[in-house]
Amino acid sequence: MHLQMEGVENHLCESYADFLCYGTGIIWVQEDDILNDLDGHQLLENYSSDNPVYVYTKMKAMETISEVLETRTNPNGKKEFKCPDLLVEHYKPFTCQLRQWISEHALVIVPVCALVVGFAFLVWKIRRRWYLSTRGEELYHQVCDILEERALMSKRVNAECEPWVVASRLRDHLLSPKERKDFVLWKKVEDLVQEDSRVDRYPKLVKGESKVVWEWQVEGSLSSGRMRKKVESSKLKSNDGVKENFDKERHELKLEPKILMF
């Protein structure tokens with residue numbers, strides 16, 4: 001009898017769940033349909049319809065079903081059964097439950113999602129601005145160092161290098177392959193270079209193609225003055241080292257005759 005009750009409950013609740021989730025299935029089932037299902041149960045196959053065991057089993061099954069399921073009488077006077085609303089929730093698929101939960105809480109979910117997305121976008125924008133600022137300034141200083149060194153090298157005697165550098169080649173030299181796809185990053189560097197009065201930007205014909213070149217203005221450059229001081233300082237250190245070695249050799253030569261006398 002328990003198996004009979006369980007089978008009827010599953011059938012009614014699954015049908016009701018399909019109706020709530022997908023619009024198919026039925027809600028109310030007539031008593032005659034349930035009795036027909038019980039007739040086909042394997043526990044009653046060995047008994048005839050007028051057998052006392054058969055009649056008693058069906059009667060007890062219907063009593064149990066009436067206690068568990070909701071009942072009503074339709075306009076035709078027929079008794080009908082329905083799976084309780086609390087019980088049918090256990091028969092709904094997870095996707096159906098999730099969809100219904102979202103639909104019921106849409107007024108709360110939509111603003112919360114909007115706030116989360118907006119906050120995430122704001123954080124990304126701040127981090128992006130910080131990255132462009134720090135990385136752009138770092139690249140800008142590297143550009144200045146390269147241009148300044150190139151300009152000083154071109155001023156030396158017998159120098160074969162040009163004082164200018166092609167901007168696109170300098171970009172490909174400093175940026176990684178991934179950074180080259182970030183056009184905003186290099187635009188930040190170009191803006192910083194354009195604001196720097198020590199750097200000239202002008203078009204030039206290079207190997208038959210028009211290129212934008214950057215050239216450092218050595219004259220009057222404070223940075224160049226510091227670089228020249230570094231060069232002079234290194235030269236002085238080198239001269240001091242040579243002088244120290246020369247004095248040491250002279251001192252050793254003076255000691256050699258004294259040693260020979262002994």
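Colleague: Is R72 buried, partly exposed or exposed, and what is its relative accessibility?

Modeller: R72 counts as partly exposed, at 38% relative accessibility. Keep in mind that this is a predicted model.

Colleague: Which side chain does R72 meet in a salt bridge?

Modeller: That of E80. The N to O distance is 2.8 Å.

Colleague: And E80, buried or exposed?

Modeller: E80 is buried, with a relative accessible area of 8%. The cut-off for buried is under 20%, so E80 falls in that class.

Colleague: Where does E80 sit in the fold?

Modeller: E80 lies in strand 3, which covers residues 79–82.

Colleague: What polar contacts does the E80 side chain make?

Modeller: One is with the side chain of R72, at 2.8 Å. Another joins E80 to the side chain of N74, at 3.2 Å.

Colleague: Which residues is E80 in contact with, leaving aside its neighbours within four places in sequence?

Modeller: With those neighbours left out, E80 is in contact with W28, V29 and Q30, and also with E70, T71, R72 and N74.

Colleague: Back to charges. Why can such side chains pair?

Modeller: Side chains of opposite charge can pair when their charged atoms come close.

Colleague: How many salt bridges are there in the whole structure?

Modeller: A search of the whole structure gives 11.

Colleague: What about K82, which side chain does it meet in a salt bridge?

Modeller: The side chain of K82 meets that of D85, with 3.2 Å from N to O.

Colleague: Are K82 and D85 buried or partly exposed?

Modeller: K82 is buried, with a relative accessible area of 6%. D85 counts as partly exposed, at 40% relative accessibility.

Colleague: Moving on to R198. What is its salt-bridge partner?

Modeller: D196 is the partner of R198. Their side chains meet at 2.9 Å, N to O.

Colleague: Which of those is buried and which is partly exposed?

Modeller: D196 counts as buried, at 9% relative accessibility, while R198 counts as partly exposed, at 31%.

Colleague: To wrap up, what should I note about the R72 and E80 pair?

Modeller: The two side chains meet in a salt bridge. E80 is buried, whereas R72 is partly exposed.

Terms used. Residues are numbered from 1 along each chain as its sequence is written. This is a predicted model: local features need pLDDT of at least 70, side-chain atom pairs count only at pLDDT 80 or more; totals for chains, interfaces and linings use all residues. Side-chain values use heavy atoms; hydrogens and water are left out. A salt bridge is a side-chain nitrogen of Lys or Arg within 4 Å of a carboxyl oxygen of Asp or Glu. Buried means under 20% relative accessible area, exposed over 50%, partly exposed in between (1.4 Å probe, protein chains only). Helices (H or I, at least four residues) and strands (E, at least two) are DSSP runs, numbered from the N terminus. A polar contact is a pair of N or O atoms within 3.5 Å; within protein, one must be able to donate a hydrogen and the other to accept it, and residues adjacent in sequence count only if both atoms are side-chain atoms. Contact means heavy atoms within 4.5 Å.
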